[in-house]
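Below are questions about how the terms in a structural description are applied. Each answer sets a value beside its definition.

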Amino acid sequence: MPDEFAVELINVAKQFDQVVAVDNVSLQIRDGEFFSLLGPSGCGKTTTLRMIGGFEMPTSGNVLIGGEIQGFKPPFQRPVNTVFQSYALFPHMTIFDNVAFGLQMKKVSKSEIKQRVNEMLELVQLSDVGRRKPNQLSGGQQQRIALARALINKPKVLLLDEPLGALDLKLRKAMQLELKALQQRVGITFIYVTHDQEEALTMSDRIAVMNQGKVLHLDTPEEIYEHPANRFVADFIGETNFMEGKVSQLNEERVFVAVDDQVPVPLLPTRDVQLGQVVTVAVRPEKLSVSAEKKREVDIPGTIDEVIYIGTDIRYIVRITEKTTLAVREQNRGGLSAQRFSIGDHIHIGWYARNASLLTE
Amino acid sequence: MTKRLNPQAMKTPFRFKIGRYILTAHGLLSYVFLYAPIIILIIFSFNASKFVTGRWHGFTLIWYQKLFVDEAIGAALRNSLYISLVATFVSTIFGTMVSLAMERYNFWGKMPFDALLYLPIIIPDIAMAVMLLLFFVMVKIPLGKLTIIISHIAFDISFVAIVVRARLAQFDSALEEAAQDLYANNWKTFRYVTFPLLMPGILAGALLAFTLSLDDFVITFFTAGPGSSTLPLRIYSLVKLGVTPEINALSAVMLLASFLLVVLSVWLQKGGDGKVDFM
């Protein structure tokens, strides 16, 4: 059922001279979805987006928009619009003319253009700037105009290339929520490219984590955060403790991994592993707790190497073997529960077995 | 030792002071050297003496009056304007096209082509003049206005291309992509986005070409034929008979015109992207 998908990529690859930018990527993006392509710079996420927009042509594979093969169609024949990283507002035109540009190219009647532009400027809460030039607006305002200029064409899919990258942190956070709310209101499929994992987690319905031209994990933000598919994803999204070891014991309820051949760590049996296989255990710092005695199902004794006060949290670096330290993040609740340890204290780290992931790659 | 550590002496050592005076004097003298002859020329175009002797005989506008009724000079001026305008028009189109090709596309042989494009700027005028003359004789085009126009186009293209390319280099290609994204095909993208944004550069290039064309002597001298004398050629033939205040007046007018054109060209290159940005 190809028409279920707003955008579909089938074995798409892109090569620049000798460099493979996108390596055989297949994606299915649903109608009305907020979909993010997330990865470090140079991972191929922007190239993937540009191939959907028609700014780059795939070396091989097919891009389908609304079930239609795009082939070598130029951007102006595709039912998608783009919000560029630099906004790319036309500096010689007024804001009104910028927003009206797409409709003018489509030869929509003047009265309709006027009405729709005004509606659109209202939607992005900038009704009174129509007669100004782009350089008379702030970065945040320019960003909204870029959005309005794209959305006014009622595209099937809106492509956004790091649109918040140039804004300062506070404005970026506000725009994230605004953008998500706007997307739900207009019901258009958004494909959003970002290298900011927090941004992707906040806004997306689904995320594709990319590295070196490949999609490494595609799922909901929660699944990606809680059960990363591999070490790269676990490391790139948020902060993770890694422990290396061999599988030492297997039964129906638990898998045991002997970390550094010493400390047995129990995990849920979620993956096909064999006895003696070398694996990685990943667990997030905020899932760990530090206490004077054993408290949780998983319990590992250790000594405090470092105590870092961050304000909202207190961060402990705890040594559990000669090779391995774990970072623990405890919320700074203050009052009675604020049990502070000091460097050199012998303590217990505890967590629930379901919160740790077993990674084989 | 104590003298050296004296904070008063440390502030501006004598040798630095001297250095600053010398530097200032050097700067001033450079300007005197450059502009004194021009100023003297202009002053003596208002001198009420028939001879350029260096003695002041009172203020007059008679040389300017004479200038405007001189039939030969009028004909030379018309030739100059005609040649410069045609050469500017053609070279602006070609120069813009070539700079677009160079900036936007990669093609086989681009490097040597690029280098050759700027050759007319580097090689001596006299060499280019002789080459062009030989060429016209070889292909048997009679010398006249046409040959002057072709020669001017040949060197104007390079200057237009340089100016337009400078403008293109600062051009954000995302703007063109945005236009394409908003349903503008290649022609409409050029018409509504690329061309208007490039316009100040194109105009600046055209003005530069016009100025160079209007002022050119060496190449014009070699490629001119009977009846195609331009203003610089006319001045030269007048000077051969002796310098008159009339020539001073003519030079002053040409100087003013060139100066205004260059100022306009610089102003266009600087501004023109929405923000009015007076030098």
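Q: What gives the most to the lining of the second largest cavity?
A: H5(B) does, with three residues. Helices here are DSSP runs of H or I with at least four residues, strands are runs of E with at least two, and both are numbered from the N terminus. The model is predicted, so local features need pLDDT of at least 70 and side-chain atom pairs count only at pLDDT 80 or more, while totals for chains, interfaces and linings use all residues. Residues are numbered from 1 along each chain as its sequence is written, chains are lettered from A and ligands numbered from 1 in the order in which they are written, and side-chain values use heavy atoms, with hydrogens and water left out.

Q: Why is a space called a cavity and not a pocket?
A: On a 1 Å grid over the protein atoms alone, a cavity is a set of points where a 1.4 Å probe fits but cannot get out, whereas a pocket is an open set with protein on both sides within 12 Å along at least five of seven lines. A search of the whole structure finds two cavities of 30 Å³ or more.

Q: What makes a residue part of a lining?
A: It must have an atom within 4 Å of a point. Residues that line the second largest cavity include B:Ser80, B:His152 and B:Asp216. By class, that lining has three nonpolar, six polar and one charged. Ala, Val, Leu, Ile, Met, Phe, Trp, Tyr, Cys and Pro count as nonpolar, Asp, Glu, Lys and Arg as charged, and the others, Gly among them, as polar. The largest pocket, of about 560 Å³, is lined by 16 residues, and B:Arg104, B:Tyr105, B:Glu176, B:Gln180 and B:Asn186 lie nearest its centre.

Q: Why is the pair B:Glu177 and A:Arg50 called a salt bridge?
A: The rule asks for a side-chain nitrogen of Lys or Arg within 4 Å of a carboxyl oxygen of Asp or Glu. The N to O distance for B:Glu177 and A:Arg50 is 2.7 Å, so the pair meets the rule. Across the interface of chain B and chain A the rule finds one salt bridge, and over all chains the count comes to 23.

Q: What does the salt bridge of A:Glu33 and A:Arg206 tie together?
A: The closest N and O atoms of this pair are 2.4 Å apart. A:Glu33 lies in the loop between strand S2 (19–30) and strand S3 (34–38) of chain A and A:Arg206 in strand S9, so the pair ties together parts that are 173 residues apart in sequence.

Q: How do you know that chain B is in contact with chain A?
A: Contact means heavy atoms within 4.5 Å. By that test, 21 residues of chain B are in contact with 25 residues of chain A. The area buried between the chains, meaning the accessible area (1.4 Å probe) that two parts lose on being put together, summed over both, is about 2,100 Å².

Conventions:
Grid points are joined across faces, edges and corners, and a volume is the space filled by probe spheres set on the points.
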